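Here is a short report on one protein chain. It goes from overall form to single residues.

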Amino acid sequence: MQDVGGSKSVWVGKLTRREFRERRLQGELSVCLIPVAATEQHLEHLAMEHDYRSCLYVAEQIALRLTPHVAVAPLMHVGISEHHMKHPGTLTASPGSWIGVVWDGVRSAVEAGFDHVIVLNGHGGNISPLEGVWSQFLQRYEANLFFKSYWEFVDPDFANACLKTGRFPGHAQEFETAIAMAIFPENVRMEAISDQLDQEPRVATAEAGQKILDHLLEKGGQFVDSVRRNEIKAEIPPFH
Ligand SMILES: [Zn+2]
């Protein structure tokens, strides 16, 4: 599916402030998806944009499925990637700075009046730092907030049945390589796999990537729609 652009776009940044205001008044755009990811080394064969490119794709496709209820507010193409810095080209944010910007993004979305806010993650290194403070987000804003990595939408048994290595999600391995082959094949340099230690990506196929993606978008769409319908509510930890 493709975004129609203009006043009906799913991207917050494509709308004018008037269009945003009026669509909210009409009851549209009740859910805000905030993709956060990384720009970091993905071995010799996969482009460094992989995490944010795939995360934005998932966010856009879920929003399109649920049009006009979901808006996408891209926040950060950079993540916490200190552990990948020995490979030049990787960009990283200090954990504290990164959490601060995510916090501000959530606050901006809550103040904009979204009823539900989902931070959609595309990078493993962001998970434990953000999980460490997530209960404070919930207590501070008392809103229907969620933090999800997009691969959590996939049933691991389903993914492992599609993958030859059974390694899911992994880093730059069969899963991520297969996803890239399916949706942005120009990011994959199959010939470079022989120059790296990890040979697992060699078995990746676009067919497996597409199969997992179809499942992922189906399940991800169901999750976001359940949040929108208040069938899934964030649990706000008790105050002491
Ligand atoms: Zn990755």
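## Terms and model

Two residues are in contact if their C-beta atoms, placed from the backbone, lie within 7 Å. Helices (H or I, at least four residues) and strands (E, at least two) are DSSP runs, numbered from the N terminus. A residue is buried if 20 or more other C-beta atoms lie within 10 Å of its own, exposed if 12 or fewer, and partly exposed in between; here too the C-beta atoms are placed from the backbone.

This is a predicted model: local features need pLDDT of at least 70, side-chain atom pairs count only at pLDDT 80 or more, and totals for chains, interfaces and linings use all residues. Residues are numbered from 1 along each chain as its sequence is written.

## Overall form

The protein chain has 7 helices and 4 strands. From the N terminus on, the order is α-β-α-β-α-β-α-β-α-α-α. The C-alpha trace spans about 55 × 40 × 35 Å along its principal axes.

The radius of gyration, taken over C-alpha atoms, is compared with a globule rule of 2.2 Å times the number of residues to the power 0.38. For 240 residues, a compact globule would come out near 18 Å; the protein chain has 18 Å, so the two agree. Buried residues make up 39% of the 240 residues. Of the contacts with a separation of 6 or more, 75% join residues 24 or more positions apart.

## The nonpolar core

A nonpolar core is a set of buried Ala, Val, Leu, Ile, Met, Phe, Trp, Tyr and Cys residues joined through C-beta atoms within 7 Å. The largest one has 61 residues. Cys-32, Leu-33, Ile-34, Ala-59, Ile-118 and Leu-120 have the most contacts inside it. In soluble globular proteins, nonpolar side chains tend to be buried together.

What does Leu-120 touch, not counting residues up to four places away in sequence? Its partners are Leu-33, Ile-34, Pro-35, Cys-55, Val-58, Ala-59, Lys-148 and Tyr-150.

## Helix α6 and its neighbours

Helix α6 covers residues 174-183. Here 9 of the 10 residues are buried, so α6 is largely enclosed by the rest of the structure. The buried residues include Glu-174, Glu-176 and Thr-177, along with Phe-175 and Ile-179. They pack against α2 (50-65), α5 (156-162) and α7.

Two packed helices are described by the angle between their axes and the distance between the axes. Axes here are lines fitted to C-alpha atoms, for helices over the stretch in contact, and angles run from 0 to 180 degrees between N-to-C directions. The axes of α6 and α7 come within 7 Å and cross at roughly 90 degrees. The two helices are therefore roughly perpendicular (65 to 115 degrees). On the α6 side, the contact is made by Ala-178, Ile-179, Met-181, Ala-182 and Ile-183. On the α7 side, it is made by Ala-206, Ala-208, Gly-209, Gln-210, Ile-212 and Leu-213.

Phe-158 sits in α5. With 15 C-beta neighbours inside 10 Å, Phe-158 counts as partly exposed. Its C-alpha atom is 7.7 Å from that of Ile-212, 54 residues away along the chain.

## Helix α7 and Val-227

Buried residues of α7 include Leu-216, Leu-217, Gly-220 and Val-224. Just after α7, Asn-230 takes a positive phi of about 60 degrees.

Val-227 belongs to α7 (residues 206-228). Is Val-227 buried or exposed? It has 23 C-beta neighbours inside 10 Å, so Val-227 counts as buried. Beyond four places in sequence, Val-227 touches Val-31, His-116, Ile-118, Asn-144, Phe-146 and Ile-232.

## Backbone exceptions

Most residues other than glycine have a negative phi, and most peptide bonds are trans. The Thr-67 to Pro-68 bond is cis, with omega near 10 degrees. Pro-68 lies in the loop between α2 and β2 (70-72). The Phe-168 to Pro-169 bond is also cis, with omega near 0 degrees. Pro-169 lies in the loop between α5 and α6.

Leu-29 has a positive phi, near 55 degrees. It is in the loop between α1 (17-25) and β1 (31-36), and counts as buried with 24 C-beta neighbours inside 10 Å. Glu-142 has a positive phi near 45 degrees. Its loop joins α4 (127-141) and β4 (144-149). With 11 C-beta neighbours inside 10 Å, Glu-142 counts as exposed.

Conventions: Parallel < 35°, antiparallel > 145°, perpendicular 65-115°, else oblique.
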